[in-house]
Amino acid sequence: MYLKSIELSGFKSFAKKSELNFTSKVSAIVGPNGSGKSNIAEAFRFVLGEQSIKSLRGKKGEDLIFNGAGDLPRGNRAGVKVVFDNSTKFLPVDYEEVIIERVVHRDSVNEYMINGSLVRLRDVIELLASAHIGASGHHIISQGEADRILNASIKERKAMIEEALGLKMYQYKKNESEKKLLKTKENISQVESLRREILPHIKFLKKQVEKVEKTIEMKKELTELALEYLCREDEYIKQTEKRIETLKSPLLEKEKNLDHELKEAKNVLETAKNKDEKSEELISLEHNLHKVRDEKDGLFRDFGRIDGELNSLSKLVKKQMEVAHSYEHKQVSLVSIETLYTEVEEKIKKARISRDVEALLKTLDEVSYLLTDFIDHNKDKVDMSLLTDANRDIENLKASKKQIEVSLDEIKGREHKLTEAYNALKTAIEKEKDKNRDAEKAVFRVMAESGEVRSRLESLHGEENILKMVKEDYKRELAELGHLLGAHILKFDHLSFLPAQAGDFNEPRVNQEERRRKIEKSKIRLEDSGGVGSADVLKEYNEVSDRDAFLAKELTDLEKSAESLLELIKDLDSRISIEFKTGLEKINTQFKEYFALMFGGGEAKLSVSHPIIKKKKDTDLMLDDEDFDSPDVESMTGEAEGNDGIEIEVNLPKKKVKGLMMLSGGERALTSIALLFAISQVNPPPFIILDETDAALDEANSKKYADMVENLSSRSQLIVITHNRETMSRAGVLYGVTMGNGGGSKLLSVSFDEALTTAK
Ligand code: ATP
């Protein structure tokens, strides 16, 4: 026996704590009308989790609390406690005894407890479902509800049978899984839409990242080129400086000595007593030639300076030309953009008014053409304003250079004439062989040598000028590369670079020129690539793609869980369907027997019916239980499995009565009792409560009923509320309920004879 006791306190008419112990297989509750017997059956439903107050004959939770009567004041709470013996573990918890308690307060707040711990309603329902007990189940038949199963709709009937077969647990699980599946599907579409939202951003960032990666690659290439170039250039400058210095210092020394010798020779000639006319002329010629040569040196220096300036200006212009032609730095005037905007706006305005899709598409094409044309037009445009100033300076410098060249030509002519006169005088003096000859000879030699030294110094000076330009270029290039590639490039160490080619610095200059051209090209490409803000782009791309990967993983997980939920639902469905089918067969066998026993023959059967969804209108779907076998079969569109129900077919002995509608009240009671008992036999619940189910039976049938009660009690505990002496006679324990003088229900153990006083 599973049911040990029930305790009511403040529940309906039971103002005081009242306990019923169920020590017998059959317990009967007896008492006069209105004493509170049915309240006990309702107390069972209440404590087992019934949510419909209406089915407990109330409107709100408060109606279940003792409302005061006679001397007794109204209570604040109604509580019912039911105690189960769980030594067989028919309830799947690890307790020998399970106490389920429910309390309702005046504010309609409910509390549920299992063995004293507060739990949720859901926990109570789950625990009981596993033992085929439910609040409104087949095992608690309320007063006047004996034929509830006959009155119920085919769908409700099916639900009752499912509960009796213990399928509610599966259905509960199925419902939960369906809810979870729905939620999972919602999550899937949310994640999908999130992924769709970030997709364009990822695509955009990916392009940016590709650009950045290309830029990094280009920078790497440029760094390699630059390092080799800079090392070689640095070495070239150092070596050239050294070489010039080595050549220049002995020449300067020699020039100094020659000047000294000349001075002395001239002194001799000037102080000589017999200084002749030719010597005078020689000194004057030498003086003039010296002057002309100094002047020429000055002009050469100016020429070199101007040439240097021209060189760097030309480079600047070239650079600015490249900038002006490059795509990246192209400038567009605001006026031209405003004009473009006006044109586009006009087209859009027109298109808006027309509201014609064709016209709209045409406008889109036109706008696209306008934009492409604008870009093409500006692509080839070069902003020459950048170059005007530099070009003007170049022109000025070129003019100065030209002037110097003219002066140089003129001075060279003068020098030539002086040299010719000088040579003529030299020949004349040679002929005369006077005593000043040694000094004169010295003057000639010094003049010749000094001319030689000067021209060598001049050429070195030229080289120095060129080197100066090379150094300036080098400095500028270094600064530019540092700006473009980072400061690390400035700290290059040519010894650590190119160790294999370290001695290879005497290569022809054109090789460096070639390298420089490559560097220039690479620099332009790098500037045009526009891969700036690389760190930010990479960071953002990584973040966004991490998020996408996370979402993708989440999506896979969700899809997997949706799949397994579907699988679970399918399993549960087939389990429910198989167990329902076999359960129904067993019920039918029992039903047939009980029915024949009750009616002394005849036949009864439960069958599954499939109502048809009929298509009334194109869009209107209507469910119609009753018409399923009407002649309107052509309009049937199919069976709706979810709306299956249970039909009851009866065939009374010796009567041509078929169908429930034609049964008398007593016959209905007998049929439903037979069915209820049959159901209980197939999957016996731990206990069955029958509240005056026998009310409509005559004496003969009362006996059969009592026999069946006894029969049933071998498998389930029975609590019968009855006025029927036959039923009472089968009870091991009898409880009497009376309405006390104070106004509340009272409980007392009674003997069979005492009980008979309330019997019919
Ligand atoms: P019958 O044999 O006629 O079916 P019964 O013994 O089953 O009667 P119940 O229907 O259980 O009687 O009890 C009804 C009694 O309970 C009524 O007298 C009703 O006034 C009383 N009752 C119901 N709710 C409350 C309540 N909240 N407070 C006090 N009394 C209540």
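**Notebook: surface patch, cores and rings**

I started on the surface, where V332, L334 and I337 form a nonpolar patch with about 250 Å² of accessible area together. Patch members have over 30% relative accessible area and no salt bridge, and nonpolar side chains (Val, Leu, Ile, Met, Phe, Trp, Tyr) are joined within 5 Å. A salt bridge is a Lys or Arg side-chain nitrogen within 4 Å of an Asp or Glu carboxyl oxygen. Areas are Shrake-Rupley with a 1.4 Å probe.

Note on the source: this is a predicted model, with local features needing pLDDT of at least 70 and side-chain atom pairs pLDDT 80 or more, while totals for chains, interfaces and linings use all residues. Residues are numbered from 1 along each chain, and side-chain values use heavy atoms, without hydrogens and water.

I checked L334: it is exposed, at 59% relative accessible area (exposed is over 50%, buried under 20%, partly exposed in between).

Next I looked inside. The largest nonpolar core has 55 residues, and I161, I587, F591, L606, F677 and L690 have the most contacts inside it. A core is a set of buried Ala, Val, Leu, Ile, Met, Phe, Trp, Tyr and Cys joined through side-chain atoms within 4.5 Å. Apart from it I found another core of 51 residues, including V453 and Y474.

Then rings: I found 11 aromatic pairs in the whole structure. F591 and F595 pair edge-to-face, 6.2 Å centre to centre with 70° between the planes. Pairing needs ring centres within 6.5 Å; planes under 30 degrees apart are stacked, over 60 edge-to-face, the rest tilted. Both F591 and F595 are buried.

Note on methods. Patches are made of residues with over 30% relative accessible area and no salt bridge: like charges are joined within 9 Å, nonpolar side chains (Val, Leu, Ile, Met, Phe, Trp, Tyr) within 5 Å. Buried means under 20% relative accessible area, exposed over 50%, partly exposed in between (1.4 Å probe, protein chains only). Rings of Phe, Tyr and Trp (its six-membered ring) pair if their centres lie within 6.5 Å; planes under 30 degrees apart count as stacked, over 60 as edge-to-face and the rest as tilted.
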